[in-house]
Amino acid sequence: MGEMEWVQQVSDSLDNMVDTSTEADRWKKRSIYKGPSCVTDLNKKSYNPQAVSFGPYHHGEEHLQPMEDHKHRALLHFLKRSGKPIQFLVESLAEVVQDLKDSYDSLDQKWRNDTSSFLKLMIVDGCFMLEILRTATHTMDDYAANDPIFSEHGRLYIMPYIRRDMLMLENQLPMLVLDNLLAIESDKAKDPELINKLVLKFFSTSSPGSGMGKCLHVLDVFRKSLLHEGPSHRKPRRHRKVTLEEIERGEEIIRSATELDEAGIRFKKSRTQSLKDISFRGGVLKLPVIVVDDTTESMFLNLIAFERLHVGAGNEVTSYIFFMDNIIDQARDVSLLHSRGIIQSALGSDKAVAKLFNSLSKDITLDPDCPLYSVHKRVNQYCRKSWNEWRANLIHTYFRNPWAFLSLIAAVFLFALTIAQTIFTIYPYYHPSGSGSDSSSPSPSALLPAKHPPSHH
């Protein structure tokens, strides 16, 4: 491209440039993203689906092809059960096809230009996802007992892999697809809460699913369930921004769990399992219970990626991981939190859990204006009190190492013996055991200076 051609192209683009409000509306529609290589290259397996693709980003990859036949079979079951012709589904999604395309960031031109193929993809993947979600309700009886996916065997051996893939940011379908398909099948108005409940039941979360409102996709539903505190929970505290001076002093960094325990801080389980339910009051740090297993790493990495890429998503999950990474340095920190019932691990060792949390926080950026800052500050203020610092230093120096502890006990014992020896040495001097006429031992009164009557002049 010549210089003049480039100048003309820029000029044309400038003439066709949309206003700020239109540009904002366009960005607002984005909800599904391809992770930048600087993020995904650190752990590709956690961001790329291993069993099934949903949406255009990973469609057609060779190792995911075996699931395509099962998708087509699920579509037929969906259509037969609903009694609706496929044309109904096509017409319904065709009305919102541009919104569906706009949901994907960096959508390949192949999909943008071929609307027919894109609609087919949305219908096939959408019906398959609905059928997968319904396996948790145990209401489908039109699949064979030995079906490789929708049987008890499939639920036991295949569903765990599909469940993990459904929580990957690059493997999402717009919630609009599921809403429309479900509305056509049931001949009822769209009900976002119904889809939310299906998703939460499938992932076996403790959140009730109601009151979450309209969500963007399955990953967004799951994220909101992790943060859901319930209507009766306490009102959020107001928090102020962190100053540059405080950041430079390290006041946003908190000590490890073992060090906090040495400083006299007690750990207890929060009232809810919301990741936002972290509080510190009266020397008690309350944390939500978390179950750590083989899927935890992939789940949190994709949630963090979503918060990083989606403007306005919030930073609650990122803040939680940052906080947990601060208080977990070594296996003994995990062991302490496990003994308090806060961490429930299925990884096999405390060291593996510590390594997991330390790796999750790599290259994440914490918003200085996060609600957890007030917790950080109150904990650090508590630890800086003179008595708590002295207590922590004493425990750290003498009570971590058994030999140091034995040395301390020996020193205290020798000091006590020295005092006892001194007492027994001087006691006979003041309290002689002989008779009063014995002049060999002076009485205590003899040691006092003689008193003389006052003279009168």
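Buried means under 20% relative accessible area, exposed over 50%, and partly exposed in between (1.4 Å probe, protein chains only). The model is predicted: local features need pLDDT of at least 70, side-chain atom pairs count only at pLDDT 80 or more, and totals for chains, interfaces and linings use all residues. Residues are numbered from 1 along each chain as its sequence is written, and side-chain values use heavy atoms, leaving out hydrogens and water.

**View 1. A salt bridge joins Lys29 and Asp99.** The N to O distance is 3.7 Å; a salt bridge is a side-chain nitrogen of Lys or Arg within 4 Å of a carboxyl oxygen of Asp or Glu. Lys29 sits in the loop between helix H2 (20–28) and helix H3 (37–40), Asp99 in helix H7 (residues 97–102), 70 residues apart. Helices (H or I, at least four residues) and strands (E, at least two) are DSSP runs, numbered from the N terminus. Lys29 is partly exposed at 38%. Asp99 is partly exposed too, at 35%.

**View 2. Lys71 and Glu68 pair within helix H5 (residues 66–82).** Their salt bridge spans 3.0 Å, N to O. Lys71 is buried at 0% relative accessibility. Glu68 is buried at 18%.

View 3. Salt bridges with shared partners join Arg81, Glu131, Arg134, Asp142 and Glu185 into one network.

**View 4. Helix H18 (residues 316–327) is largely enclosed by the rest of the structure.** Of its 12 residues, 11 are buried. Among them are Tyr320, Phe322 and Asp325.

Methods: Expected span 1.5 Å × (residues − 1).
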